[in-house]
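Visitor: Hi! Could you show me how to read strand pairing in a structure like this one?

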Amino acid sequence: MLQQTQVATVIPFFLRWMERFPDFASLAEADEEEVLRLWEGLGYYRRARSLRAIARRVMDDWGGNLPRDEEALLALPGVGPYTAGALLSLAFNVDVPALDGNVERVMTRLRDQDDPVDRPPAKRELRRQIEELIPTGRARDFNQALMELGALVCLPRRPLCPTCPWRDDCLALRRGTIEARPVKSPRPPQEKLRALTLLASREGAYLLVRHHRDERWAGLWEFPTVDDDGESLAVWLDAPRITWTKRGTVSHAFTRFRRTLTVFSCQVGQVRDGESPFGSRQTLWVRPEGLNDYPLSAGSRKTRDRWLAPEG
Ligand code: SF4
């Protein structure tokens with residue numbers, strides 16, 4: 001939950017999650033939709049799906065106990081070197097590094113390392129340096145201390161160097177290169193996308209469409225959204241474009257894209273069979289008070305919150 005997300009944001013999600021899924025068994029048995037719903041608002045839904053898949057694998061292959069072996073952990077869905085290192089060191093106190101963004105920042109400044117930190121050779125070098133620093137049998141404390149140092153002292157901008165326990169050894173501090181560390185590879189520019197979302201209502205209920213499992217927002221629901229001018233939607237719903245009302249726009253970002261949705265609303269009579277622009281995707285009519293029961297894509301969540309949130 002904490003990947004890409006701040007602690008204060010995560011706390012209520014974590015508490016709700018742990019209350020519902022206190023162990024691997026309860027998560028393994030849970031319906032995917034419920035899992036996604038509890039995750040809604042944290043984004044990066046693949047993590048929620050991976051957690052459920054991990055719970056199932058741990059129940060099936062490991063008798064309900066997380067393996068203490070790096071290779072076995074790396075074979076679990078969604079577990080990369082950082083997560084494996086964090087699990088091994090924090091849960092089992094195994095002497096391995098847990099290299100997250102905070103730790104990368106501290107270490108590259110400490111050694112004034114100028115290789116792009118997102119490239120494998122630089123990561124390998126950082127891991128090696130941390131391995132040398134971990135006091136034997138103290139990885140749990142050491143890794144957490146290093147993460148906290150990065151999160152609370154060695155801040156991305158204006159780090160609190162006078163209070164840092166490593167200030168006498170820090171090469172970047174000595175050389176005046178702190179602001180330039182860590183070095184990152186240049187990012188491709190953000191690409192802008194446009195789409196159209198329709199709040200189609202019939203007898204007080206709104207149409208939702210579900211993404212297939214192999215699509216980007218696998219398993220999530222959304223208000224009908226298309227990349228074209230909406231004519232295909234108008235035909236399918238038998239609701240001519242001229243009857244639509246423009247409500248406004250919402251935008252959301254994912255990977256390297258920023259997508260702006262122009263939101264319309266319309267009343268629908270009878271939906272025509274077999275002409276859906278969404279092919280075989282599942283569809284559903286849901287009343288506004290029931291929308292919270294369905295995990296929505298980011299764009300549709302913003303649309304719901306802005307135009308269909310319950311009053312009061
Ligand atoms: S001295 Fe400053 S830059 Fe160096 S590790 Fe400490 S907080 Fe970071």
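Visitor: Which residue in β3 stands opposite Val 209?

Guide: In this predicted model, Val 209 faces Glu 222 in β3. Strands here are DSSP runs of E with at least two residues, helices are runs of H or I with at least four, and both are numbered from the N terminus. Two strands count as paired if DSSP finds at least two bridges between them. β2 and β3 (residues 221-222) are joined antiparallel by two bridges.

Visitor: What about the residue numbers and the model's confidence?

Guide: Numbering starts from 1 along each chain as its sequence is written. Since the model is predicted, local features need pLDDT of at least 70 and side-chain atom pairs count only at pLDDT 80 or more, while totals for chains, interfaces and linings use all residues.

Visitor: How many bridges pair β2 with β7?

Guide: Four, again antiparallel, with β7 covering residues 283-286. There, Leu 208 has Leu 284 as its bridge partner.

Visitor: And how does β1 meet β2?

Guide: β1 (residues 191-202) runs antiparallel to β2, with two bridges. Ser 201 sits opposite Tyr 206 in β2. The β1–β2 hairpin leaves two residues between the strands, and Glu 203 has a positive phi near 50° there.

Visitor: Is β2 mostly covered or mostly open?

Guide: Mostly covered: in β2 (residues 205-210), five of the six residues are buried. Using C-beta atoms placed from the backbone, buried means 20 or more others within 10 Å, exposed means 12 or fewer, and partly exposed is in between. Across the protein's 312 residues, 29% count as buried.
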